[in-house]
Amino acid sequence: MILKNNILRLGILLLVVVLFTPSARAAEDFNVKETVFEHIGDAYSWHIATIADTEISIHLPVIVKGKDSGWQVFSSSRLEQGAEYKGYRIAQEGDYKGKIVERNHTGLETRPVIDISITKNVLGLWINCIVLLLIILPVARWYKQHTFEPPKGFRGAVETLMLDVQDELIKPCIGDDYKRYTPFLLTAFFFIFVNNLMGLIPFFPGGTNITGNITITLFLAVCTFLIVNISGTKEYWKEIFWPEVPSWLKVPVPFMPVIELFGVFTKPFALMIRLFANIMAGHSVIISLVCVIFITVSMGVGINIGMSAVSVVFTIFMYFIELLVAYIQAYVFTLLSAVFIGLAKVKHD
(Lines give C-alpha, C1' and ligand atoms only; values in the text may rest on other atoms or scores of the structure.)
Protein backbone atom coordinates (compact mmCIF):
# COMPACT_ATOMS: atom_id res chain seq x y z
CA MET A 1 0.00 0.00 0.00
CA ILE A 2 2.83 2.40 0.90
CA LEU A 3 4.63 1.64 -2.39
CA LYS A 4 1.38 2.22 -4.29
CA ASN A 5 0.84 5.60 -2.64
CA ASN A 6 4.42 6.67 -3.35
CA ILE A 7 4.11 5.72 -7.02
CA LEU A 8 0.82 7.64 -7.22
CA ARG A 9 2.41 10.72 -5.66
CA LEU A 10 5.37 10.55 -8.04
CA GLY A 11 3.00 10.20 -10.98
CA ILE A 12 1.01 13.26 -9.90
CA LEU A 13 4.23 15.23 -9.42
CA LEU A 14 5.48 14.33 -12.89
CA LEU A 15 2.11 15.21 -14.39
CA VAL A 16 2.28 18.64 -12.76
CA VAL A 17 5.82 19.08 -14.06
CA VAL A 18 4.80 18.23 -17.63
CA LEU A 19 1.70 20.41 -17.54
CA PHE A 20 3.48 23.45 -16.18
CA THR A 21 6.79 23.11 -18.00
CA PRO A 22 7.24 25.82 -20.64
CA SER A 23 6.97 25.03 -24.33
CA ALA A 24 9.93 23.80 -26.36
CA ARG A 25 10.36 27.24 -27.89
CA ALA A 26 10.54 28.79 -24.42
CA ALA A 27 12.98 26.08 -23.33
CA GLU A 28 15.32 26.96 -26.19
CA ASP A 29 15.64 30.46 -24.73
CA PHE A 30 16.14 29.13 -21.22
CA ASN A 31 19.51 30.28 -19.84
CA VAL A 32 20.67 28.17 -16.89
CA LYS A 33 23.52 30.51 -15.93
CA GLU A 34 21.26 33.58 -15.77
CA THR A 35 18.59 31.65 -13.87
CA VAL A 36 21.06 30.43 -11.23
CA PHE A 37 22.68 33.82 -10.69
CA GLU A 38 19.28 35.53 -10.65
CA HIS A 39 18.14 33.30 -7.77
CA ILE A 40 21.32 33.47 -5.68
CA GLY A 41 21.99 37.16 -6.39
CA ASP A 42 20.56 40.31 -4.85
CA ALA A 43 17.78 42.40 -6.40
CA TYR A 44 15.88 45.65 -5.88
CA SER A 45 12.55 43.78 -5.78
CA TRP A 46 11.48 40.45 -4.34
CA HIS A 47 9.80 38.20 -6.89
CA ILE A 48 7.31 35.90 -5.13
CA ALA A 49 5.42 34.11 -7.90
CA THR A 50 4.07 34.36 -11.45
CA ILE A 51 0.39 33.53 -11.95
CA ALA A 52 -1.10 33.63 -15.46
CA ASP A 53 1.67 35.87 -16.78
CA THR A 54 1.17 38.20 -13.80
CA GLU A 55 4.20 38.71 -11.63
CA ILE A 56 3.67 39.07 -7.88
CA SER A 57 6.59 40.98 -6.40
CA ILE A 58 7.46 43.16 -3.45
CA HIS A 59 8.86 46.44 -4.77
CA LEU A 60 11.46 47.76 -2.37
CA PRO A 61 12.53 51.38 -1.80
CA VAL A 62 15.48 52.71 -3.77
CA ILE A 63 17.63 55.17 -1.79
CA VAL A 64 20.48 56.70 -3.78
CA LYS A 65 22.57 59.83 -3.94
CA GLY A 66 23.74 60.90 -7.37
CA LYS A 67 26.53 63.24 -8.37
CA ASP A 68 24.15 65.76 -9.91
CA SER A 69 20.66 64.86 -8.68
CA GLY A 70 21.40 64.52 -4.95
CA TRP A 71 19.35 62.22 -2.75
CA GLN A 72 16.49 60.34 -4.39
CA VAL A 73 13.97 57.95 -2.79
CA PHE A 74 11.47 56.03 -4.94
CA SER A 75 10.00 52.58 -5.46
CA SER A 76 11.91 50.01 -7.51
CA SER A 77 8.69 49.44 -9.51
CA ARG A 78 9.63 52.55 -11.53
CA LEU A 79 12.71 50.74 -12.85
CA GLU A 80 10.98 47.57 -14.04
CA GLN A 81 11.93 46.06 -17.43
CA GLY A 82 14.78 48.50 -18.01
CA ALA A 83 12.67 51.64 -17.46
CA GLU A 84 14.47 54.87 -16.55
CA TYR A 85 13.36 57.21 -13.77
CA LYS A 86 15.03 60.52 -12.85
CA GLY A 87 18.15 59.47 -14.71
CA TYR A 88 18.41 56.11 -12.95
CA ARG A 89 17.89 52.62 -14.29
CA ILE A 90 18.92 49.03 -13.54
CA ALA A 91 21.73 48.01 -15.88
CA GLN A 92 20.82 44.99 -18.02
CA GLU A 93 24.39 44.20 -19.10
CA GLY A 94 27.99 45.19 -18.58
CA ASP A 95 30.03 45.50 -15.39
CA TYR A 96 27.09 46.95 -13.44
CA LYS A 97 24.51 44.37 -14.53
CA GLY A 98 21.71 44.16 -11.97
CA LYS A 99 22.84 47.37 -10.25
CA ILE A 100 21.34 50.85 -10.39
CA VAL A 101 23.26 53.22 -12.63
CA GLU A 102 22.95 56.96 -13.17
CA ARG A 103 23.21 58.77 -16.49
CA ASN A 104 25.27 61.94 -16.01
CA HIS A 105 25.27 65.12 -18.10
CA THR A 106 27.75 63.63 -20.56
CA GLY A 107 25.53 60.60 -21.20
CA LEU A 108 27.81 58.13 -19.44
CA GLU A 109 26.35 55.64 -16.98
CA THR A 110 28.03 55.35 -13.60
CA ARG A 111 27.12 54.02 -10.18
CA PRO A 112 25.54 56.51 -7.76
CA VAL A 113 27.84 58.05 -5.16
CA ILE A 114 25.82 56.34 -2.41
CA ASP A 115 23.41 53.43 -2.82
CA ILE A 116 21.74 52.36 0.44
CA SER A 117 18.64 50.88 -1.15
CA ILE A 118 16.61 48.23 0.68
CA THR A 119 17.34 45.20 -1.47
CA LYS A 120 16.02 41.64 -1.32
CA ASN A 121 18.93 40.48 0.81
CA VAL A 122 18.51 43.40 3.22
CA LEU A 123 14.82 42.65 3.71
CA GLY A 124 15.60 38.94 4.02
CA LEU A 125 18.24 39.73 6.65
CA TRP A 126 15.72 41.74 8.68
CA ILE A 127 13.15 38.96 8.49
CA ASN A 128 15.70 36.33 9.52
CA CYS A 129 16.84 38.48 12.45
CA ILE A 130 13.22 38.74 13.62
CA VAL A 131 12.93 34.94 13.36
CA LEU A 132 16.15 34.61 15.38
CA LEU A 133 14.80 36.91 18.10
CA LEU A 134 11.54 34.94 18.22
CA ILE A 135 13.60 31.80 18.83
CA ILE A 136 16.02 33.16 21.45
CA LEU A 137 13.99 35.67 23.47
CA PRO A 138 11.34 33.16 24.72
CA VAL A 139 14.17 31.04 26.19
CA ALA A 140 15.65 34.08 27.96
CA ARG A 141 12.19 35.09 29.22
CA TRP A 142 11.60 31.57 30.56
CA TYR A 143 14.78 31.70 32.66
CA LYS A 144 13.74 35.02 34.15
CA GLN A 145 10.40 33.59 35.26
CA HIS A 146 11.46 29.98 36.07
CA THR A 147 14.91 30.09 37.63
CA PHE A 148 15.09 26.46 38.77
CA GLU A 149 12.79 24.80 36.21
CA PRO A 150 14.22 23.75 32.83
CA PRO A 151 12.22 24.71 29.72
CA LYS A 152 10.34 22.08 27.74
CA GLY A 153 9.26 21.58 24.15
CA PHE A 154 10.77 23.92 21.57
CA ARG A 155 12.39 26.12 24.23
CA GLY A 156 14.02 23.03 25.68
CA ALA A 157 15.40 22.05 22.28
CA VAL A 158 16.91 25.51 21.80
CA GLU A 159 18.45 25.39 25.27
CA THR A 160 19.90 21.93 24.58
CA LEU A 161 21.53 23.20 21.37
CA MET A 162 22.91 26.25 23.22
CA LEU A 163 24.42 24.14 25.99
CA ASP A 164 25.87 21.68 23.49
CA VAL A 165 27.63 24.46 21.57
CA GLN A 166 28.81 26.10 24.80
CA ASP A 167 30.01 23.00 26.70
CA GLU A 168 31.28 20.87 23.82
CA LEU A 169 32.71 23.55 21.55
CA ILE A 170 33.32 26.97 23.11
CA LYS A 171 34.51 25.91 26.58
CA PRO A 172 37.12 23.31 25.47
CA CYS A 173 38.55 25.61 22.78
CA ILE A 174 38.89 28.80 24.85
CA GLY A 175 39.36 27.53 28.40
CA ASP A 176 38.56 29.20 31.70
CA ASP A 177 37.73 32.59 30.16
CA TYR A 178 35.10 31.12 27.81
CA LYS A 179 32.11 32.99 29.33
CA ARG A 180 33.51 36.30 28.08
CA TYR A 181 33.22 35.17 24.44
CA THR A 182 30.16 32.92 24.66
CA PRO A 183 27.61 35.66 23.74
CA PHE A 184 29.39 36.47 20.46
CA LEU A 185 30.01 32.84 19.50
CA LEU A 186 26.44 31.73 20.28
CA THR A 187 25.11 34.72 18.34
CA ALA A 188 27.31 33.83 15.36
CA PHE A 189 26.22 30.18 15.50
CA PHE A 190 22.48 30.84 15.63
CA PHE A 191 22.68 33.73 13.15
CA ILE A 192 24.39 31.53 10.55
CA PHE A 193 22.20 28.50 11.31
CA VAL A 194 18.90 30.40 11.04
CA ASN A 195 19.96 32.20 7.85
CA ASN A 196 21.08 28.90 6.32
CA LEU A 197 17.74 27.25 7.11
CA MET A 198 15.68 30.22 5.90
CA GLY A 199 17.64 30.20 2.66
CA LEU A 200 16.44 26.65 1.96
CA ILE A 201 12.76 27.63 2.11
CA PRO A 202 11.81 28.06 -1.57
CA PHE A 203 9.04 30.63 -1.01
CA PHE A 204 8.53 33.96 0.75
CA PRO A 205 9.78 34.89 3.35
CA GLY A 206 12.57 32.36 2.75
CA GLY A 207 14.80 31.74 -0.22
CA THR A 208 17.26 34.60 0.30
CA ASN A 209 20.93 33.83 -0.10
CA ILE A 210 22.15 35.69 3.01
CA THR A 211 25.11 33.57 4.12
CA GLY A 212 25.94 32.96 0.46
CA ASN A 213 26.56 36.71 0.14
CA ILE A 214 30.23 37.52 0.63
CA THR A 215 29.51 40.87 2.33
CA ILE A 216 27.72 39.04 5.17
CA THR A 217 30.49 36.47 5.62
CA LEU A 218 33.06 39.29 5.40
CA PHE A 219 31.36 41.10 8.28
CA LEU A 220 31.29 37.94 10.42
CA ALA A 221 34.95 37.24 9.65
CA VAL A 222 35.93 40.83 10.54
CA CYS A 223 34.13 40.50 13.89
CA THR A 224 36.12 37.35 14.65
CA PHE A 225 39.33 39.04 13.46
CA LEU A 226 38.83 42.02 15.79
CA ILE A 227 37.91 39.89 18.81
CA VAL A 228 40.87 37.54 18.28
CA ASN A 229 43.46 40.29 17.94
CA ILE A 230 42.07 42.61 20.60
CA SER A 231 42.00 39.70 23.05
CA GLY A 232 45.49 38.56 22.13
CA THR A 233 47.96 38.26 25.01
CA LYS A 234 51.56 39.47 25.03
CA GLU A 235 52.67 35.89 24.39
CA TYR A 236 50.39 35.73 21.34
CA TRP A 237 51.95 38.81 19.77
CA LYS A 238 55.44 37.64 20.78
CA GLU A 239 54.88 34.38 18.91
CA ILE A 240 53.90 36.39 15.82
CA PHE A 241 56.74 38.94 15.73
CA TRP A 242 59.44 36.89 17.48
CA PRO A 243 58.52 33.18 17.32
CA GLU A 244 60.70 30.56 19.03
CA VAL A 245 62.52 29.33 15.94
CA PRO A 246 66.21 29.35 14.92
CA SER A 247 67.57 32.89 14.67
CA TRP A 248 68.46 32.59 11.00
CA LEU A 249 64.72 32.37 10.27
CA LYS A 250 64.18 35.77 11.94
CA VAL A 251 67.28 37.80 11.12
CA PRO A 252 68.48 39.34 8.91
CA VAL A 253 65.43 38.39 6.80
CA PRO A 254 62.29 37.94 8.96
CA PHE A 255 60.90 34.85 7.23
CA MET A 256 58.89 33.46 10.14
CA PRO A 257 57.51 36.80 11.46
CA VAL A 258 56.21 37.60 7.97
CA ILE A 259 54.60 34.15 7.68
CA GLU A 260 53.04 34.46 11.16
CA LEU A 261 51.75 37.96 10.42
CA PHE A 262 50.34 36.73 7.10
CA GLY A 263 48.52 34.00 9.05
CA VAL A 264 46.75 36.63 11.16
CA PHE A 265 44.86 37.73 8.03
CA THR A 266 44.47 34.37 6.29
CA LYS A 267 42.51 32.90 9.23
CA PRO A 268 39.51 35.27 8.95
CA PHE A 269 39.80 35.13 5.15
CA ALA A 270 39.39 31.34 5.31
CA LEU A 271 36.33 31.78 7.55
CA MET A 272 34.79 34.18 5.06
CA ILE A 273 35.43 32.10 1.94
CA ARG A 274 34.48 28.74 3.49
CA LEU A 275 31.01 29.87 4.59
CA PHE A 276 30.33 31.90 1.45
CA ALA A 277 31.46 29.22 -1.01
CA ASN A 278 29.69 26.29 0.65
CA ILE A 279 26.31 28.01 0.95
CA MET A 280 26.41 29.57 -2.52
CA ALA A 281 27.49 26.25 -4.06
CA GLY A 282 24.63 24.38 -2.37
CA HIS A 283 22.03 26.84 -3.65
CA SER A 284 23.53 26.74 -7.13
CA VAL A 285 23.43 22.94 -7.28
CA ILE A 286 19.78 22.77 -6.20
CA ILE A 287 18.69 25.40 -8.74
CA SER A 288 20.74 23.71 -11.48
CA LEU A 289 19.02 20.38 -10.78
CA VAL A 290 15.62 22.04 -11.09
CA CYS A 291 16.73 23.62 -14.38
CA VAL A 292 17.21 20.12 -15.84
CA ILE A 293 13.40 19.90 -16.10
CA PHE A 294 13.24 22.92 -18.38
CA ILE A 295 16.35 22.08 -20.40
CA THR A 296 14.96 18.69 -21.47
CA VAL A 297 11.59 20.03 -22.70
CA SER A 298 12.73 20.16 -26.32
CA MET A 299 14.02 16.57 -26.18
CA GLY A 300 10.58 15.01 -26.16
CA VAL A 301 7.95 14.10 -23.59
CA GLY A 302 9.52 10.75 -22.67
CA ILE A 303 12.99 12.15 -21.98
CA ASN A 304 11.48 15.14 -20.21
CA ILE A 305 9.41 12.94 -17.88
CA GLY A 306 12.39 10.68 -17.13
CA MET A 307 14.79 13.56 -16.47
CA SER A 308 12.13 15.37 -14.44
CA ALA A 309 11.88 12.34 -12.16
CA VAL A 310 15.66 12.23 -11.81
CA SER A 311 15.73 15.98 -11.15
CA VAL A 312 13.07 15.74 -8.42
CA VAL A 313 14.81 12.82 -6.68
CA PHE A 314 18.24 14.47 -6.72
CA THR A 315 16.79 17.84 -5.66
CA ILE A 316 15.13 16.25 -2.62
CA PHE A 317 18.39 14.45 -1.82
CA MET A 318 20.33 17.72 -2.08
CA TYR A 319 17.83 19.44 0.20
CA PHE A 320 18.55 16.87 2.91
CA ILE A 321 22.28 17.36 2.35
CA GLU A 322 21.86 21.14 2.60
CA LEU A 323 19.97 20.77 5.89
CA LEU A 324 23.02 19.01 7.24
CA VAL A 325 25.36 21.59 5.68
CA ALA A 326 23.31 24.41 7.28
CA TYR A 327 24.22 23.05 10.71
CA ILE A 328 27.78 22.01 9.83
CA GLN A 329 28.74 25.42 8.43
CA ALA A 330 27.37 27.22 11.51
CA TYR A 331 29.21 24.73 13.72
CA VAL A 332 32.51 24.99 11.80
CA PHE A 333 32.47 28.81 11.77
CA THR A 334 31.86 28.88 15.53
CA LEU A 335 34.43 26.15 16.15
CA LEU A 336 37.20 27.87 14.19
CA SER A 337 36.38 31.25 15.74
CA ALA A 338 36.63 29.66 19.21
CA VAL A 339 39.90 27.97 18.27
CA PHE A 340 41.40 31.25 17.02
CA ILE A 341 40.30 33.05 20.21
CA GLY A 342 41.76 30.24 22.31
CA LEU A 343 45.08 30.48 20.46
CA ALA A 344 45.15 34.24 21.07
CA LYS A 345 44.75 33.64 24.83
CA VAL A 346 47.98 31.65 25.00
CA LYS A 347 50.11 32.14 28.10
CA HIS A 348 53.82 31.74 28.60
CA ASP A 349 54.74 28.17 29.50
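Predicted model: local features only at pLDDT ≥ 70, side-chain atom pairs only at ≥ 80, totals over all residues.
## Cysteines

Looking for disulfides anywhere in the structure turns up zero. A disulfide here needs two cysteine sulfur atoms within 2.5 Å. For Cys129, the closest cysteine sulfur belongs to Cys223 and sits 13 Å away, so a bond is ruled out by distance. Start from Cys223 instead and the closest cysteine sulfur is that of Cys129, again at 13 Å and too far for a bond.

As for solvent, Cys129 is partly exposed, because its relative accessibility comes out at 29%.

## Helix H5

Helix H5 covers residues 153-174, which is 22 residues. At 1.5 Å a residue you'd expect a span of 32 Å, and the end C-alpha atoms are 31 Å apart, so the two values agree. The helix still has a bend of about 30 degrees, located at Gln166. Just past the end of H5, Gly175 adopts a positive phi of about 105 degrees.

Which residues of H5 are buried? They are Gly156, Val158, Glu159, Met162, Val165, Leu169, Ile170 and Ile174. In an α-helix there are 3.6 residues a turn, so residues three or four places apart point the same way.

## Lys267

Lys267 belongs to helix H9, which runs over residues 255-295. With a relative accessible area of 31%, Lys267 counts as partly exposed.

Leaving out residues up to four places away in sequence, Lys267 touches Phe340 and Leu343. Its C-alpha atom is also 9.1 Å from that of Ser337, although 70 residues separate Lys267 and Ser337 along the chain.

Technical notes:
Residues numbered from 1 in each chain as written. Heavy atoms only, no water. Buried < 20%, exposed > 50% of the residue type's maximum accessible area, 1.4 Å probe, protein only. Helix = DSSP H or I, 4+ residues; strand = E, 2+ residues; numbered from the N terminus. Expected span 1.5 Å × (residues − 1). Bend = angle between axes of the 7 residues up to and from the residue. Contact = heavy atoms within 4.5 Å.
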